Amino acid sequence: MAKQEGYVVVPLRTKPNSKSSHSVFMREHFIHLMDPNKPKGRTLFLLNVPPYVAEDSLNTVFSRAGSIQAVEFAVRPGKEETTKWYESTGETFSYARPFFIFKVAYIVFEKASSINKALALGSIDLFNTSGECIFKTGMELWHEEYDKNYLLEAYKAKVQIRKYMAGYDKRERAASEAAKSGKSDADGWVTVGNEGRNAGFKQKASLMGRLEQKVPTENKSKELKNFYTFQIRESKMQNIMEIRKKFEEDKRKIELLKQSRRFKPF
Amino acid sequence: MLKNKRKPGMFVRAPKKPSKNAEDSPAEDHSDQEQSTPSSDDGFDEPKPTPAKKDQTPTTKPKKNKFKQKDETKNVKPPTLEEMKELRDTQNLFHSNLFKLQVKEMLQELQLKSKYTDFIDSWLESFTAFTRQLKDGLMERTHLEVPLNISQKPTGFVFSKPTREPYLIGAVSTGTLLGPKIVVDVALEMPKESLHKDDYLNLRYDQKRALYLTYVTERMKESPNYAEDQFSFNYYANNPLKPVLELTPVAKQVTKHLQVRLFITAPLSSFKPGRFVPWNNNIRPSFFGDEWDEEEPLPSTQHYNANVLFDLTLSENQDYLEKAFKGRRNFQDGLLLLKVWLRQRGLDIGFSGFSAHILAAFIVYLNSHRILHQSSSSYQVARTVWNQLANTDWTKGISLAPAAIQTEELSKMATHYDVCFLDFTGQLNLCANVPLSVYQRVREEAKLAVDLLNDMKLNSFPLIFMQKCPLYSRVDNILKITNYSCVNQMLMLHSQPRLKYDYAKYGYPQLFQVLTELLQKGLAERVHSILPLETACTAWPVESKAPVIGKHIQLGLILQPDHAYEVLNKGPAANEDPEGAEEFRRFWGEKSNLRRFQDGSITEAVVWGTAQDAPSKKRLIVRQIVLHLLEHHLQLESKDVQYIAAELDQVYHLTPWFKVNKLKTKIPLDQDTDAEALSPHVIRCYDELARQLHGLNDLPLEIVSISGTSPVFRYCEPQPVLPQARMAEKYILANHVQRVVIQLGQSGKWPNELDALRALKLAFLIEIGEKLESQCHLKWLICIEGLLVLKQGYCFLIQLAHTKELALLKKKVTERGITTYVDNPESRSLERQHYILPKVSGALHSLHQTHSAYGPTVLLAKRWLATQLLDEGLWPEMATELLVAHLFQQRCAPQAIEAPQTGFIRFLQLLAHSDFNGELFLLNFNNSWQEQQIADLEHSYRSDRQSYPPLAVATSYDMQHAGRLWTSDESPSQRVLGHVTRLARHSLEIIETSIMSKDLRFVRPAQLFRASNEGYDLVIQLKPDLVPNTLSFDLGSPFVSFSQPNYLLPPAGADRLARIVEQLRSAYSDFAAFFYNPHGGKELAIVWRPPSVFAPKPFKVVELQACTPCDNGKVQVLKETLIEDFKLLLKDFYLRFATPEELKREQHEHQKPKRYFNASKQADESSTKPKKQNVQKDTEQEAPPKKKRLIKSSALKALN
């Protein structure tokens, strides 16, 4: 089995007799900063996973090495990358799809012993005993996608929506209750809502900006601008500076244009 | 104190401006009114405010020093007087420094290098020496050919040596030589003695002149000084009576860049004064063997007379011009600017051209009339000339002669010419050969130039000086008559003898007269103008015979949109004006019928079509009329002439293989229809749907706005949309889905969570769908994107826009727990789809209403890009639409584009010549973008170019996203942009040569609308029956020959090929580029990235995509693996993978037998259309020159 830079290199095959296949680089996941979702000792790290490989395919393959707790993807190795990967695809009722790129994968086994078994697999074979690929591609996949994910059945969709909205209403209600009650939670934090006696103002950037701006503008409005001679002088100078600046700027642009030989009419 | 010293000087006399900035010295007058009144000498007007402004300087100066002492860090340099003045001037006079700097920069670029001027001086010196040693003599015989077609035998010509030294004329004497090829005009005067007093008659003068030229040329050739030089003859300004010697010196310092033209002139005193006044006859009918009634006065030969006068008055005129221009850099530069402007517009070419010489004389004219001051700056000169050109009328005649010429005499002169501008001697009309239409065109262009200069929102410099706008791309239709026998027949039978004498039997102006007279009368208000399109004739070696020129003609027609498409020519009422009716009938021939109209009148009328005709058909009415007139009056059959109009429009027509009558629909459809004519049907159906939506009962919230956002709603869908969508089991089958965005009334109850909001939106759409079914009996389906509704065979996708969704998408909570709203790609695309696109769509729709050529131009442009294998992912369709809209909004020509084909040519010009890096395309719909905003945007664009995509387009509806909404870094990428530029240049070249050439026919659509097959590494052929063909007229794929087309309907909204290519690009674009024709292309072409991508590289965790380990610890990407991946991803979809070479070979083999059996199988082939097309195609494929292929392949390689 080929090894490189501490990684075990195995071919990823989609059919039994494929001659050229992608190489997946595997090793045990190890970083200094621990991530609770990728526990030390039980997580296998895969590099260079082709775009068409989905979570369940890996699940199927690696379940041979032991039962699996989770399979997660990320664009590149890193702390927040996994959440970023799932950020856009988590939403229901939207047509966003997972990224279709070469990616990295984390496989969390239930037992630590599975790691070594997995590393010893020799190849990732994405086909079943009859030599057929275990995931759908091409026309087959598109048909399925269209039928299942693109078109919705009105009746089913309605039911789903109703369920979701009921859940949403419940959450909303709970939140507003909490805001109204003004009680502190276990850590001692109090939720402050928009209503009630202790209503705080909305923590919005636009609002904050307005508040912050208020003070200087108030000061400014009291100021006399064209009163003292030095002010007039200064404003004149400012004016000259501005014109000069503009001139310089235009000159620079011309310089740029000149470089691209834009002044030869013929 | 400074002020006091200066002021008196100011009032006394013109500011003695320091010579160091003589060019910009006088403050320039901005208002045109003042410039046009000669009384206010604006050169002096302005300086007054200038010293007033200068007052500031002394006052600020000392204080600033104080200030400087206080705060050294700021270090503001007090402005000097010169600096202040210059800054002020530029700001006040040129809108911006930019214009001034650009002009300055260009003038610098145009400045002649001293090596050329030195060379010219020394050459003239040596030539003078050469002429001095010439001796009188008899020309016995010559081994050169006399460059004149009507020459007698050269024997018997007595050469008398010139008594006057040769002198420089034209551009070189006024100091306004213009590159890249510098033409130095030198005149050599024949002495009086060599001319006889009767030589004025019957072209004898011209023969003498030609002989003289031949003699001098021969002596020059014998001289060792000129032995190495290249000698050739040419006609000056395509005038066959004006042969000149073109000499290209081999001197090292000027090789190839400089050419000397030798003119032969004669002194003015050679002939009796008044001999050549316009009303005299100097060519007798008997000279051409014609008979003339003795009783009748001889016809005047004003044009011939002017032609001779040109030579006779040359030296006098030259003196004046030289006096006016010598040492006046400002005038010279002004003239240079005007020359550049004129040449870019191609108005100075040929016999009927408006030469720069006229402009030079006009500058002197304005100067002598005190409209232009001595010290006006170059910019002022150009501006005043444009202004005066636009506001004066030369048809009544103007004169340069210093002795005040009588107005009566002037108008008597003017009656003999279209345009009259008398020279210094008061004898020659400088504009003798300029037809009225060309003069009008110059005036229009001048007016446009002034307008552009006045437009504060515009950087007018490139539009005026940089943009090449050859005349052929400024006319809507072109009439080309090149058939030799036809031309002869026209000249023999239809040209009046008067014209023949006047033009000394030169064919071109006669043809022009005959044709314009006829067409002007027949087309009347339908055309705005008829312009001659000339090409300068090429030089010929001195040993060969002078060619006969003027035996073909090209006319450009600019249509008048208000009248060009009228289907009826109404004549006088038959009972009221029988003579007029008779005349009308005679003019129109059998086409004219007596008709009774709804208002009860019975008149003669010609009908060219019906009011219901498709717009593309109506656009050809003018063509129909022209061809009819040519046939009826000049006996020219339509095969003898070429009328170039709408040749390319074919590509958006419905393909002939799809039979419309098989469709079950109530809408009346024609087999011979096109995408443009089909759009209104869709729009009508959409309007009805909108009505139904508005009328829905019991919706929880009202629908407040409905807007269609698909291209078809703004006439920009290049593939014909037919009412063929239908329901099949649980699917809706449709190849086009028209997007509609609706907005609901206000309500505070929408959820604050994105998912919940989307869920509710979906519920709403389902509700609307159900209501549509129950109340309007429409079929519908819900999909993740929205509501699919089927109506009258069209499929609509209704989407719900809600402002909260946008806000939620933008919402971000910062680390401090503050909510902010930040634009991100997702929110941007949603905002574009739901809010901005509807507005832009509306604006483009109204643009199409005002310029009916907008829609079809976009169709052509989109078809072209599609056939170059550029799809949405490489070049967004909206970018095309907006660029074309920019073309229509920008006033780069006096008249709007009326023919889609012309629009397409201009689109290609835009692509080919634009500086995408430096230019931001701004569409200021409704002019809502303020000057300051534009300036800010441009500033940001300039200073922060990196943050904008390679192609930046902005409209007035997307201010906060300006430049980043319609295009991105990926589409089009820098590479694709470069590729498109090269393709456009190439296409333009093909078009231009075919239009301007005498022999070629106009390009066939297949030459332009099919990509080359060179340069691709791999072609994936898809299963033909899985990809439906396009409904537009298909010119074939570059890779494979035609196969049986299929017009299967895919399920609505499932554009498989687009989606799979999108996936491939997202995963593999680092390794390969993917190309396909989005209009029914069945191949996917691949270009690998350069080999460096596939070279072994060291192991890096973040750069391991698609890598396989190779030797010595390195990794590399293998193409084979990638191909395996493609095969996997395209399972059941691809037919095979092949290299283009293989396909080419096959195509060849496939077609060979066909050609052999062509004759026998002809009947066979004509029955099956696809095959026939095929044969045509492959002959065409051989046609394009080899160069094209080379260019294309290198262009593609450069993509990497």
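## Close-up views

**B:Leu188 stands opposite B:Ile264 in strand 7 of chain B.** The model is a predicted one, in which local features need pLDDT of at least 70 and side-chain atom pairs count only at pLDDT 80 or more, while totals for chains, interfaces and linings use all residues. Residues are numbered from 1 along each chain as its sequence is written, chains are lettered from A, and ligands are numbered from 1, both in the order in which they are written. Strand 4 (residues 182-189) of chain B pairs with strand 7 (residues 258-265) of chain B in the parallel sense, over eight bridges. Strand 4 of chain B is also joined by three bridges to strand 3 (residues 167-169) of chain B, and these two run antiparallel. Here B:Leu168 has B:Val186 of strand 4 of chain B as its bridge partner. Strands (E, at least two residues) and helices (H or I, at least four) are DSSP runs numbered from the N terminus, and two strands pair if DSSP finds at least two bridges between them. Because seven of its eight residues are buried, strand 4 of chain B is largely enclosed by the rest of the structure. Buried means 20 or more other C-beta atoms within 10 Å of the residue's own, exposed 12 or fewer, and partly exposed in between, with C-beta atoms placed from the backbone.

**B:Val487 is a residue of helix 19 (residues 484-493) of chain B.** B:Val487 counts as buried because it has 21 C-beta neighbours inside 10 Å. Leaving aside neighbours within four places in sequence, B:Val487 is in contact with B:Ile481, B:Gly507, B:Leu511, B:Lys551 and B:His552. Contact means that the C-beta atoms of two residues, placed from the backbone, lie within 7 Å. B:Asn202 lies 285 residues from B:Val487 along the chain, and 24 Å separates the C-alpha atoms of the two.

**Six strands form an open sheet with mixed pairing, in the order 8(A)-22(B)-23(B)-24(B)-21(B)-18(B).** Strand 8 (151-152) of chain A and strand 18 (703-708) of chain B are the edge strands; each has a single partner strand, so one side of each is left without a neighbour in the sheet. A:Leu152 has B:Ile782 of strand 22 of chain B as its bridge partner. Strand 18 of chain B makes an antiparallel pair with strand 21 (residues 737-744) of chain B over five bridges. Within strand 21 of chain B, B:Val741 is the residue opposite B:Ser707. Lying across strand 18, strand 21, strand 23 (786-791) and strand 24 (794-801) of chain B is helix 25 (residues 675-694) of chain B, which runs at about 170° to strand 18 of chain B. Axes are lines fitted to C-alpha atoms, for helices over the stretch in contact, and angles run from 0 to 180 degrees between N-to-C directions.

**Chain A meets chain B through 68 residues of chain A and 75 residues of chain B.** The elements of chain A that give two or more residues to its side include strand 1 (2-4), strand 3 (22-28), helix 4 (138-150), strand 8 and helix 7 (229-259). Helix 7 of chain A gives the largest share of this side, 15 residues. The side of chain A that touches chain B has 37 nonpolar, 15 polar and 16 charged residues. Nonpolar covers Ala, Val, Leu, Ile, Met, Phe, Trp, Tyr, Cys and Pro; charged covers Asp, Glu, Lys and Arg; the others, Gly among them, are polar. Chain A itself has seven helices and eight strands, and 21% of its 266 residues count as buried.

**Helix 27 (residues 803-810) and helix 28 (residues 825-850) of chain B have axes that come within 8 Å and cross at roughly 165°.** Helix 27 of chain B contributes B:Glu805, B:Leu806, B:Leu809 and B:Lys810 to the contact, and helix 28 of chain B contributes B:Glu826, B:Ser827, B:Leu830 and B:Glu831. These residues divide into three nonpolar, one polar and four charged. Angles under 35 degrees count as roughly parallel, over 145 as roughly antiparallel, 65 to 115 as roughly perpendicular and the rest as oblique.

**Helix 31 (residues 900-913) and helix 33 (residues 974-996) of chain B pack at an angle of about 135°, with their axes 8 Å apart.** Helix 31 and helix 33 of chain B are therefore oblique to each other. From helix 31 of chain B, B:Ile905, B:Leu908, B:Gln909, B:Leu911 and B:Ala912 meet residues of helix 33 of chain B, including B:Val980, B:Ala984, B:Arg985, B:Leu988 and B:Ile991. This contact has eight nonpolar, three polar and one charged residues.
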